[in-house]
Amino acid sequence: MKKYLGPLSKDNPILVQTLGVCSALAVTAQLKPAVVMALSVTVVCAFSNLIISLIRNTIPPRIRIIVQLLIVSFWVVLVDLLLQAYFYEISKLLSVFVGLIITNCIIMGRLEAFALSHKPWPSFMDGVMNGVGYGLVLVVVAFFRELLGSGTLWNHQVIPKALYQIGYLNNGLMILPPMALILVGVMIWIRGSRVDR
Amino acid sequence: MPDIFNIFIRSVFIDNMVFAYFLGMCSYLAVSKSVKTAGGLGLAVCFVLAVTVPVNYLIDKYLLQPGALAWLGEGFADVDLSFLSLIIFIAVIAGMVQLLEMVIERHMPALYMALGIFLPLIAVNCAILGGSLFMQERNFPTVIHSFSYAIGSGLGWLLAITSMAAIRERLKYANIPEPLRGNGIAYIITGLMGLGFMAFLGF
Amino acid sequence: MRKFSNTYIYVYVSALVLLISVVLASVSIGLRPKRDANVTREKYQQILKAAGYKDISKKNVVSFFQEIAEPEMGNEPSEQYRIRCADGNSGIVVRVNGKGLWGPIWGYVVLSEDGTTIKGVSFAHKSETPGLGAKITDDEFSNAFIGKKLYNQNGAFTSVRVIKKGQEGDIREENRVDAISGATITSRGVDEMMRGVKRD
């Protein structure tokens with residue numbers, strides 16, 4: 001089990017390998033879309049890894065990128081259709097960012113580096129763990145942005161009304177997109193100062 | 001005409017791919033260490049966006065949208081292929097990048113030398129697919145609008161990555177806390193630049 | 001490394017593409033009714049919001065709507081409904097369509113029975129900028145429309161204008177609301193859209 005835990009911190013895709021930031025940060029203004037995004041990426045990553053690993057010996061190397069793109073986009077479209085049917089409001093919030101999972105470098109990176117050369121079960125686990133490591137960062141960033149920016153968590157008011165009456169204000173800056181980047185920078189900083197270099 | 005210009009300016013400064021939507025961040029962070037290579041990649045992104053977005057626009061408009069197949073005859077008016085758009089877009093992008101690489105190598109060796117190594121990287125750059133997806137979401141009225149949007153976004157990306165590279169070149173001489181060096185500070189700087197770009201919004 | 005012939009590559013890719021499209025097409029068709037139901041429910045929810053109902057749980061939206069509203073003319077899906085508002089009076093729901101900065105914007109306006117006063121509005125958009133144009137969906141903006149008049153002091157139809165602070169001119173308070181600062185084009189879109197408000 002231990003060998004799969006790397007992506008959570010030591011090899012965290014966002015904090016250490018700086019992969020997959022693209023589609024991630026735009027959805028972290030609130031906790032709910034961030035969690036759904038994290039789940040979607042985990043599902044896509046795990047199942048693409050599984051499929052590619054199952055068929056890895058039949059893929060002609062010359063066209064492997066195309067095959068990978070096809071498999072990934074298959075899962076992404078599937079996830080997108082399911083979201084539209086069962087989580088309509090959230091799918092509207094995520095809009096094009098679900099589609100952008102296709103070009104999420106984490107997924108292509110794991111396919112290329114792991115699934116092409118490993119057995120199905122380890123590949124599946126590798127996909128899950130990378131998705132979770134990615135999701136962890138997303139959720140932490142979204143937690144602080146929603147709490148400080150809107151005073152809510154999961155759309156429920158958590159900062160008591162009394163605080164507003166004595167002059168507390170939501171930090172509007174947190175809602176703006178650039179704050180997501182600054183928060184990730186701070187997370188890298190904290191992580192970096194705790195880990196031996 | 002003013003519309004087209006408006007879209008162009010907005011997509012360079014206000015809806016900047018990097019600062020407002022974080023698209024293409026992976027290569028943005030990886031390749032922004034020197035101004036020269038950053039400029040090369042920026043140009044390549046610009047170029048590929050300018051080709052793929054209008055092509056995808058036409059495909060979307062005449063093949064994929066609900067009712068887009070109406071030109072084939074009455075019976076096709078109800079067909080909705082929009083669920084295929086993601087796959088088709090990414091296929092067009094991958095194909096176009098391959099094609100461009102071959103054409104440029106053959107006919108413009110100088111440009112190929114400048115862009116060469118970056119072109120294959122671009123197929124999986126989120127900014128490119130993002131360009132096509134935003135184009136689809138924003139429903140541009142004509143192909144010229146989508147072209148102006150593509151060029152604007154490309155230039156916005158070029159602007160972002162070259163200025164980032166310029167800052168990082170100077171950063172070598174700054175005394176940054178050890179754990180923050182490298183990517184940590186790069187994220188924070190991008191965030192600060194993004195805040196600066198928000199000034200273009202006008203309040 | 002195994003060698004793969006060209007024929008193998010072509011067959012491989014074609015089979016893969018075929019398989020993927022068949023699976024996706026069937027999933028898409030299978031989930032279609034569910035998706036359409038979501039779209040309808042969202043429309044009803046928006047109309048209920050304009051009519052002043054704030055907390056209707058998602059499950060009850062459709063049945064509640066069908067209980068208090070009926071299409072003005074023809075059958076579903078209709079663009080105009082007669083509805084019993086939250087304050088007990090009946091009103092007319094009119095759909096309006098417009099163009100924002102990046103894409104379509106639309107909304108439902110509830111008018112008083114005589115068609116002169118706005119009882120409530122709710123707007124929606126496809127892709128306006130969050131924090132700016134997207135504010136047209138906020139309660140703060142839509143509440144400003146409540147009680148506004150569609151006709152001016154001379155009885156001429158002016159609709160409710162959306163105008164920047166400081167540029168009101170001689171338009172009465174009852175005939176205008178403040179534009180969203182920083183979102184000029186979206187506000188202008190709402191302004192133009194509101195001119196189409198009229199009982200058929």
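This tour moves through the structure stop by stop, naming what to select and what is found there.

The model is predicted, so to speak of local features a pLDDT of at least 70 is needed, side-chain atom pairs count only at pLDDT 80 or more, and totals for chains, interfaces and linings use all residues. Residues are numbered from 1 along each chain as its sequence is written, chains are lettered from A and ligands numbered from 1 in the order in which they are written, and side-chain values use heavy atoms, with hydrogens and water left out.

**Chains A and B**

Select chain B together with chain A, where 37 residues of chain B are in contact (heavy atoms within 4.5 Å) with 41 residues of chain A. The two chains bury about 3,200 Å² between them, 83% of it on carbon and sulfur atoms; this buried area is the accessible area (1.4 Å probe) lost on being put together, summed over both parts. Within chain B, colour Phe22(B), Pro179(B) and Tyr187(B), which lose the most area to chain A and together make up 22% of what that side buries. Zero salt bridges are found across this interface, a salt bridge being a side-chain nitrogen of Lys or Arg within 4 Å of a carboxyl oxygen of Asp or Glu.

**Aromatic rings**

Next, show the rings of Phe, Tyr and Trp (its six-membered ring), which pair if their centres lie within 6.5 Å, with planes under 30 degrees apart counted as stacked, over 60 as edge-to-face and the rest as tilted. Over all chains the structure holds 20 aromatic pairs. In one of them, the centres of Phe19(B) and Phe197(B) are 4.6 Å apart and the planes stand at 45°, so this pair is tilted. Phe19(B) is buried at 4% relative accessibility, and Phe197(B) is buried too, at 15%, where buried means under 20% relative accessible area, exposed over 50% and partly exposed in between (1.4 Å probe, protein chains only).

Then go to chain C, where Tyr151(C) and Phe157(C) have ring centres 5.5 Å apart and planes at 75°, so they are edge-to-face. Tyr151(C) is partly exposed at 29%, as is Phe157(C) at 28%. In chain A, select Phe47(A), Phe74(A), Trp75(A), Trp121(A) and Phe124(A), which ring pairs link into a cluster.

**Strands of chain C**

Finally, select residues 80-84 and 90-99 of chain C, the strands E2 and E3, which run antiparallel and are joined by five bridges. Strands (E, at least two residues) and helices (H or I, at least four) are DSSP runs, numbered from the N terminus, and two strands pair if DSSP finds at least two bridges between them. Gln80(C) has Val94(C) in E3(C) as its bridge partner.
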